Amino acid sequence: MIFAVEEINRNPKLLRNLTLGYLAADSCLAETTTLASALAMVTGLGVSSAGDTCESTTKVPVIIGDARSSASIVVADTLGVFDVPMVSYLATCMCLSNSLKYPIFFRTIPSDALQAQAMAKLLLLLGWSWVGLVSTDDDYGRFAIQILMEELRGTGVCVDYHEVVPRGHPKEKIKKIVETIQRSSARVVVTFVIDQDAKALLEEVVHQNITDKQWLANEAWVTYSALSMPQNVPSLVGTIGLALRKADIPGLGSFLTQIRLSPDTDPFKGELWRALFACSLGVEEQSAGESCSGSEVIALGDSVYADVSQLRATYNVYKAVYAVAHALQDILDCPPGEGPLTDGRCPDVRKLLPSQLSHYIRRVNFTTPLGEQLYFDQNGDPPASYDILNWRMTPQGAVEFVKVGHFVSRRGSGGQFHIDMGNVLWGGGGGNEVPVSVCSAPCPAGWRKAVQKGRPECCFDCVRCPAGEISNQTGSLDCGQCPERFWSSSDHTLCLPLQVQFLSYNDTMGVILSIISVAGATLTAATFTTFFYYRHTPLVRANNSEVSFMLLLSLKLCFLCALAFIGRPAAWSCMLRHAWFGISFVLCISCLLSRTMVVLVAFHSMLPGENLMRYFGPAQQRIGISLCTLVQVLICVLWLILAPPRPTERGVQENRGPKIILECEVGSVVGFSLVLGYIGLLACICLLLAFMARKLPDNFNEAKFITFSMLIFCAVWMAFVPAYVSSPGKYTVAVEIFAILASSYGLLLCIFAPKCFVILLRPDRNTRKCLMAK
């Protein structure tokens, strides 16, 4: 303070023709002593001047101090009666930011609220969600913890414990606090303690050899030299914390070392000499040690007093003096008629009232000689500026404070961190890796949090998302439902389109069935070609070649209609496949029925006087086949008009998740039943007639082959019904195709294979004589 006053008095641009004076009083004992000194200063009673003697009264218009929040609260409450402003350099209690209760209190150190906000932002930045808190037992600790908890509310950061360091530092209590810290799974310990409380706490931490914690220090002890001892390195190296902004005040070091002992030494110098050189002043102190010679020289850096490497709180004193000086300068520069007094008058600096000075202190906005801008907000608080310090170990085994970043909070901003993560040495054995301090590891994608009963929200179990729900981020609180027609992937991290299932040409089963269908159609075409080529032979002519060609044509249609059942169902394909199937099979069985009746009539019309064959000539057979087929055509037309088959979607649940089955719904069950029933009716009639003619004398008893084919046909379609009902998904269509192909192959092979064998391999039997042998 004295250095700043003298520097201002030497400055020709600041307070020209005006000299600052000062009074200094010791406030290190208690709040009552501080209050007594402050009252003496503002009343001018019972004070002694330390510095230049002012020409006017010794009543001071402003007080710089106090360092402690508790003492500042007491003094500010009392000085409010006298309207005397205070500018504190170290009182950080948030309570002093109450402009209604303390309207003339200012400070050059940021409020604890800003420090707590910075601490909360740092925890979030580093991902520490499980922490322990330790605070001092006074307003400083209580208000700081209160602000920190408010800042952390809703951020996902939880507090495992909160311990309060009691006054007097009883050993048993300190030991229990340290044991709680040691037992906790929280690796990060956030502190809001004063330097002496930190010393008592951390000495016990070192004693119990706790080395796995990351300490987050507040500004009160982060640069406390009494803790940076070699024996504390294993426990405290890697500590990071917020420190007041460091400054290098030019000339301060030499100013501190030029002080010399003189006959008129004030009490402050005497106490300093006793502390630095362990000597005594005066005859009454001879028993305390050697007498001070007065020739002792203070060396720069040899003591805490002369150490200018960590000018932090000291710099705040420097700024406080300059704030008062600039307020006085503003009074001197007040334009006449624009002052704050009645009729725009400006205050008289020679008869200055404290209330007038507080008005101008509130309005100061200047840049210090070190280039920092200083102003006060509506609560008397300055902009926040913190250095982020990291405790490192020097090669000599001592602790050094390394700046790894800074935090700045100016008017209208919430504060910004700038930290060099790669330059930080982390505590708790972290080395270059940021320590992990969580109650529960984050749930991976595909899982969600399930809060453990009775524990903070940071402690949870991870539960797999249910089927149909996903979480695509780490640490999800809930799983999201997949949209319609989507389903969760196997790891529940993505919503995938539901698998649409139908028998397609790309499926292995679809390819196989298509090959079998085409092979059947090809085989039928080959048979047709063979019969056409040998159409003039007795065997072909004896079997009514016209009906045989119609039968082969219908069989080819039966084979090919299986292809209509493969592929994505559409409205036209659903109608086509069922109509094609019904008509082609009725045509086929009508041809067989016609041939069976011809065989029966041919052998029963040999009696004298009978001429039944005239009713079963080629024309009558064509008409009979056409009429039988026309009935099925009418049934299909009515079915397709009234309630046609249509494509539908059906969801099914399988082991790998749900699927959408695309299939053709029959539309009218009655129509579908009539189609199948009519086919079955014709097949039964044909089977009955063929069975009756199976033993007729004939070298090539076609009735016997028709009987076999109808038995196969009926067996296939009787087995088809239960298989069709019980088959899932696309296998339903596969069963239907299999029934069509099996019955078609049965008809083709049973009826035409023996004839082709004779035509191609045994032409000697393809004669009229052989056919008429019986």
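## Helix α3 and its sheet

In this predicted model, helix α3 (residues 69-79) lies across β1, β2 and β3. Helix α3 runs at about 165 degrees to β2. Axes are lines fitted to C-alpha atoms, for helices over the stretch in contact (heavy atoms within 4.5 Å). Angles run from 0 to 180 degrees between N-to-C directions. Helices (H or I, at least four residues) and strands (E, at least two) are DSSP runs, numbered from the N terminus.

The three strands form an open sheet in the order β1-β2-β3, with parallel pairing. Pairing requires at least two DSSP bridges between two strands. The edge strands, β1 (63-64) and β3 (105-107), each pair on one side only. Strand β2 (residues 86-88) is joined to β3 by three bridges. Val 87 stands opposite Phe 106 in β3.

## A nonpolar patch

Ile 623, Leu 627, Leu 630 and Leu 634 make a nonpolar surface patch of about 390 Å². Leu 634 is found in helix α17 (residues 618-642). Nonpolar side chains (Val, Leu, Ile, Met, Phe, Trp, Tyr) are joined within 5 Å. Accessible areas come from the Shrake-Rupley method with a 1.4 Å probe; for residues, only the protein chains shown count as cover.

## Whole protein

The protein has 21 helices and 22 strands. Of its 774 residues, 48% count as buried, meaning under 20% relative accessible area.

## Basis

Residues are numbered from 1 along each chain as its sequence is written. Local features need pLDDT of at least 70, side-chain atom pairs count only at pLDDT 80 or more, and totals for chains, interfaces and linings use all residues, while side-chain values use heavy atoms, with hydrogens and water left out.

How values were computed
Patch = residues over 30% accessible without salt bridge, like charges linked within 9 Å, V, L, I, M, F, W, Y side chains within 5 Å. Salt bridge = Lys/Arg side-chain N within 4 Å of Asp/Glu carboxyl O. Buried < 20%, exposed > 50% of the residue type's maximum accessible area, 1.4 Å probe, protein only.
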